[in-house]
Amino acid sequence: MFDVDKVRADFPILKRKIHGHDLVYLDSGATSQKPESVIKAMDDYYRNTNANIHRGVYELSVESTRLVDEARKKVADFIGARTEEVIFTRNASESLNLVMYSWGRDNIKKEDAVLISKLEHHSNLVPWQELCRETGAELRIIDVDGEGKLVMRTQELKNSRTQDEVLTENGLKVRLGGFEGLIADGKVKLFAVTGASNVLGTIPDLAGMLTAIKRKAQNATVVVDASQMVPHMKVDVKTLGADFIAFSGHKMLGPTGTGVLWGKKEVLSKMRPFLFGGDMIGEVIITGATWADLPSRFEAGTPDIAGIIGLGAAVDYLEGLGMDNVRHHEKDLMVYALKKMVELQDEELVTVYGPKDVEERGGALAFNVIGVHPHDAAQILDNFGIAVRSGQHCAAPLVTGFGVPAMVRATFYVYNTKKEIDYLVDKIREIPKIFT
Amino acid sequence: MSDYKDIIIDHYKNPRNFGEMDRADISMDESNASCGDMIQIQVKTETRTDGVRLPHPDGIGVRNDEGGDLVIKEMKWRGVGCAISTAAASMLSEKIVGMNREDLEKFGEAGIVEMLGGEVNVGRMKCATLAYRGLLKIFNNE
């Protein structure tokens, strides 16, 4: 059974005091804390094994290479992939850029459309804006409704718009509307969508959308930004229906500097390298080079070896907890937190954003304290030891679409408790008092 | 609550020089992209000939024909922001009257921190300096 007290004991940082209070860390959506086992795996590597991989025949190098291979196997098993389909990057942003530069530039043409959603983090928005600007392709964006859920038909939008909104600016053509209308002409060649919103927590109906898109545009390639998905729920690439998924290691208890791109072998093998240099080549002569096999072809230069080993340890830790238990724990917290926040909303103290049904949302809770700027709210909470984020959460078009300049966001993970949510709610009540 | 001193709360709740002026000499917008705050600043300037100071090395912000000094006479501002950025804009709008470019540059981030009571959380420096950055642009575009 999932024992949150036991989990908490594994995270050394949770013993810290912040401004004299116990740390209440509610920003795992930005980066998660790290358990002792992850820290130790990296420490052990530097103390006992440190050597570059794929280089030496000496014992340390052989051991380092083996540790990285094992970590890759752990990540692959964790998401149901083949090991050669797992490419280590620095973070999800780099993974998505890899797809854009390598696959996108060779495959997206002027007559094509790239489909994304308004929920996207900037890392799954800006690369596609740039690709469409370069190629002349149309960028299509699935709009969101008042709860932050993706709109299937344009007519369902709250302002009763019956037509898609079309903008042409800065050499980029953007069409904003409902999913069904945007895929109807079969021009969508790439669908890049989040598996769970980092701001509102929205979990879109991926399965439904992917079935629909394969019907309208058989050859459409699908990229899922799984940054807020892989750390929080069981993901199996065999059944997901995507061609690529991108996620960050540091949001799933692993170290910073680690990210993953998973791609279908058939797709990856046809792609040109993104970064050139050491470790990604087959044969090099003075006039050129051939490329290494997967996954090395996409991993130029010395990788974050210690980080990758740490990520492997993080996967072990999550496997030990069981991803179904993780999801269950977070859902439990979200049901509790939503109920409390809606009470505050009824008292006209806060505005809560995002889907009301917990089945349709992950562990992100965005809100504003009425009459208080989110930065002020977040800083006052920090004075009580509570770490929440304030701002636009790397999703400016989404946040401003709700008519506010910014939001406060609390995100939950394996180590958070209902007691912490009580404390948060209690301290939110203190915020308006400072300004009256 | 070290960052929310009474003076900040006072300026936040009763911002000075908030609004628009009829005939501004210079207008400028400034924003903090990551947090969505924005400010519009308008100023009236005048050339001061009494107590003439040395011209600025770039020659900007100074009208040399009379050997006078271009100084800020009045500032009005509008914007959306948090308590820190609002209070800083309000306080600055009083503080900078009579300053020329050189005075303003010299004031610096240290001046902002001191003005806000001597302590600003590093993460809030962008909020604290929003209006100040806008003001610097005014002289740079002169």
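**Entry 1: α2 and α3 of chain A**

I began with helix α2 (residues 36-49) of chain A and helix α3 (residues 59-79) of chain A, which pack at an angle of about 160 degrees with their axes 11 Å apart. I worked on a predicted model, in which local features need pLDDT of at least 70, side-chain atom pairs count only at pLDDT 80 or more, and totals for chains, interfaces and linings use all residues. Residues are numbered from 1 along each chain as its sequence is written, chains are lettered from A and ligands numbered from 1 in the order in which they are written, and side-chain values use heavy atoms, with hydrogens and water left out.

I took helices (H or I, at least four residues) and strands (E, at least two) as DSSP runs, numbered from the N terminus. Axes are lines fitted to C-alpha atoms, for helices over the stretch in contact, and angles run from 0 to 180 degrees between N-to-C directions. I class angles under 35 degrees as roughly parallel, over 145 as roughly antiparallel, 65 to 115 as roughly perpendicular and the rest as oblique. α2(A) and α3(A) are therefore roughly antiparallel to each other.

I noted a left-handed crossing of α2(A) past α3(A); left-handed applies if the near helix is turned anticlockwise from the far one by less than a right angle, and right-handed if clockwise. For contact (heavy atoms within 4.5 Å), I found A:Y45, A:N48 and A:T49 of α2(A) meeting A:L60, A:E63, A:S64 and A:L67 of α3(A). By class, this contact of α2(A) with α3(A) has three nonpolar, three polar and one charged residues. Here Ala, Val, Leu, Ile, Met, Phe, Trp, Tyr, Cys and Pro count as nonpolar, Asp, Glu, Lys and Arg as charged, and the others, Gly among them, as polar.

**Entry 2: domains of chain A**

I looked up the domain assignment of chain A, which gives domain 1 (4-30 + 322-434) and domain 2 (59-320); such bounds come from an automatic or database domain assignment. The centres of domain 1 and domain 2 of chain A, taken over C-alpha atoms, are 27 Å apart. I find 38 residues of domain 1 of chain A in contact with 34 residues of domain 2 of chain A.

The two domains of chain A bury about 2800 Å² between them, 59% of it on carbon and sulfur atoms. In domain 1 of chain A, A:M323, A:L398 and A:Y413 lose the most area to domain 2 of chain A, together 24% of what that side buries. Buried area is the accessible area (1.4 Å probe) that two parts lose on being put together, summed over both.

**Entry 3: two loops of chain A**

I recorded a cis peptide bond from A:L294 to A:P295, with omega near -5 degrees. A:P295 lies in the loop between β14 (288-291) and α10 (305-321) of chain A. I also noted A:H393, which has a positive phi of about 55 degrees although it is not a glycine. The loop that holds A:H393 runs between β18 (389-391) and α13 (396-400) of chain A.

**Entry 4: α5 of chain B**

I turned to helix α3 (residues 101-115) of chain B and helix α5 (residues 130-140) of chain B, packed at about 160 degrees with axes 10 Å apart. That makes α3(B) roughly antiparallel to α5(B).
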